[in-house]
Amino acid sequence: MSPHAVDSQTLGQTDPWNLSKFAVTKNAFLPEESQPNTLSDPYYESWELVAHNLAELIEARRIHDAINELPVLSTDLLKSEAEWRRAYVILAFFTHAYVWGGEKAEEILPASVAVPFLKVSAHLELPPVLTYAACNLWNWSCSGDDFSKLEDLSTLVTFTGTESEAWFMLVSVAIEATAAPIIHTMLRALDAVKTRDYEVIIKSLQELKVGIDNTSDLMERMYERCDPMEFYYKVRPFLAGSMNMEDAGLPNGVFYSEGDGKGEWRKIRGGSNAQSSLIQFYDAVLGIEHNGHSDSTKSFHDEIREYMPGPHGRFLVHVARSGSLRGLALETPVREEQHRLREAYTAAVDALTEFRGKHVKLVTRYIIIPSKKPWAGTTRRNLASSSSRKGGEGLMGTGGTELIPFLRQAKVETEVNKIESPENSEKS
Ligand code: HEM
């Protein structure tokens with residue numbers, strides 16, 4: 001068992017939260033075990049053959065032929081939830097390899113991928129696109145028991161076969177695994193709000209701060225083995241969705257063909273770490289809210305929950321409604337323990353603000369700077385070429401945001417929650 005996994009006794013104590021209903025495991029948002037790297041029924045051999053050779057097929061410009069030759073397979077022979085997840089990973093990678101793997105974007109997704117992908121996505125309550133779940137949560141295996149040990153993790157499906165791509169995906173797996181105990185600690189803290197058990201809450205908030213710091217430290221390990229130029233020009237274009245991709249060659253989005261002329265044009269956001277339930281969990285327990293952007297009344301953070309596995313999205317809603325640590329921290333402190341609660345709350349908010357600050361720096365290193373540099377490798381018409389043509393102006397995130405203003409706003413919306421002294425405690 002991963003040393004960060006929560007033991008069954010502890011899980012038992014938090015049973016009122018009904019975690020299995022929310023697909024929260026002893027490894028939090030990661031599955032219980034290493035993921036299978038093959039579907040067991042030989043019926044799916046043709047999928048597995050393409051999946052295991054995806055990077056080579058893309059490199060050799062044979063990916064379209066390989067996918068066009070696939071039969072339209074049924075989902076009836078998927079044997080377990082782990083196999084449904086494996087099918088989702090495979091079909092998500094096929095979709096993005098097909099759309100972005102040629103000289104220019106392909107607008108029509110063939111039925112061999114679209115038909116089973118729509119079924120598998122509906123089963124898992126996810127959109128039919130390469131989400132964080134496809135790229136990260138369900139796309140790894142581990143040679144040991146410790147899922148936070150980056151060196152022991154490997155990816156199952158990749159577009160490029162590069163170390164940069166694997167590292168980019170696996171850093172997030174390690175982050176999720178390391179944070180597993182924090183979920184359970186914070187659920188106990190929310191329960192303790194009802195009984196005003198200050199000591200439990202203070203200790204939990206202190207642990208949360210350490211957990212968020214660990215998340216930041218692991219995120220900064222990205223620099224070790226993910227090369228910014230390779231990430232920007234080779235890997236990131238494959239993560240793009242079909243929303244806001246007019247300049248990259250998808251004016252109408254992508255047509256998901258269901259055969260016999262049937263199908264639907266879809267504009268869907270691409271994969272983004274913004275779809276991590278963990279960071280939104282940190283927001284939820286601290287009572288941090290994000291505002292709507294100009295074209296919607298819903299915030300991006302709320303919208304993006306639809307790109308998380310259904311049960312995880314529902315878990316976040318449930319947590320946000322289950323007691324307010326912030327409300328308790330805002331009460332005018334009279335007793336010593338109330339002062340300590342404020343300090344612990346603010347230290348956790350500071351840690352999350354710092355995480356978001358470090359993330360902006362990461363995005364600058366991996367997107368802003370490379371977008372202004374010339375690339376000597378293969379060029380295709382895609383997200384990278386369309387952004388670079390404009391000298392990096394108006395850069396969009398793969399999740400579809402105007403990235404830097406959006407990320408700075410998320411940081412400010414975190415920071416304003418600090419409660420430093422009774423005088424500035426009016427915000428609630
Ligand atoms: C090379 C690595 C990374 C790059 C280039 C990157 C890029 C981005 C971009 C462009 C956005 C804006 C949303 C969008 O996709 O449109 C975003 C959002 C976000 N990313 Fe990353 N990211 C990286 C790694 C990470 C990691 C490791 C995490 C940690 C789990 C993370 C967490 C988030 C979160 C939570 C958001 C939503 C904004 C917020 O709540 O602050 N990112 N990222």
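Student: What does the side chain of Ser112 reach?
Tutor: The backbone oxygen of Ile67, at 3.2 Å. Keep in mind that this is a predicted model.
Student: Which helix is Ser112 in?
Tutor: Helix H6, residues 111-124.
Student: Is Ser112 buried or exposed?
Tutor: Buried. Its relative accessible area is 4%, and the cut-off for buried is under 20%.
Student: And what does Ser112 touch, sequence neighbours aside?
Tutor: Ile67, Leu70, Pro71 and Val72, not counting residues up to four places away in sequence. Ile67 and Leu70 also turn up in the contacts of Phe94.
Student: What else does Phe94 touch?
Tutor: Trp47, Val50, Ala51, Leu54 and Val113 are among its contacts, again not counting residues up to four places away in sequence.
Student: Now the core. How many residues are in the largest nonpolar one?
Tutor: 144 residues. Phe94 and Phe281 have the most contacts inside it.
Student: Which helix gives the largest share of this core?
Tutor: Helix H17, residues 336-371, with 14 residues. In soluble globular proteins, nonpolar side chains tend to be buried together.
Student: How many residues surround the ligand?
Tutor: 27 residues. The closest are Ser272, His301, Arg356, His359 and Thr401.
Student: What are the distances to ligand oxygen for His301 and Arg356?
Tutor: For His301, a polar side-chain atom is 2.7 Å from an oxygen atom of the ligand. For Arg356, an N or O atom in the side chain is 2.6 Å from an oxygen atom of the ligand.
Student: Different topic. How many disulfides are there?
Tutor: A search of the whole structure finds 0.
Student: OK, Glu176. Where is it?
Tutor: In helix H8, residues 163-178.
Student: Buried or exposed, that Glu176?
Tutor: Buried, with a relative accessible area of 1%.
Student: What is Glu176 in contact with?
Tutor: Leaving aside neighbours within four places in sequence, Asn27, Phe29, Leu30, Tyr132, Leu137, Ser276 and Leu278.
Student: How far apart are the C-alpha atoms of Glu176 and Phe147?
Tutor: 8.8 Å. The two residues are 29 residues apart along the chain.
Student: Last one, helix H9. Which of its residues are buried?
Tutor: H9 covers residues 180-195. Its buried residues are Ala180, Ile182, Ile183, His184, Thr185, Met186, Leu187, Ala189, Leu190, Ala192 and Val193.
Student: What about phi just after H9?
Tutor: Arg196 comes there, with a positive phi of about 50°.

Note on methods: Residues numbered from 1 in each chain as written. Predicted model: local features only at pLDDT ≥ 70, side-chain atom pairs only at ≥ 80, totals over all residues. Heavy atoms only, no water. Core = buried A, V, L, I, M, F, W, Y, C linked by side-chain atoms within 4.5 Å. Buried < 20%, exposed > 50% of the residue type's maximum accessible area, 1.4 Å probe, protein only. Helix = DSSP H or I, 4+ residues; strand = E, 2+ residues; numbered from the N terminus. Contact = heavy atoms within 4.5 Å. Near = heavy atom within 4 Å. Polar contact = N/O pair within 3.5 Å; in protein donor to acceptor, adjacent residues only side chain to side chain. Disulfide = S-S within 2.5 Å.
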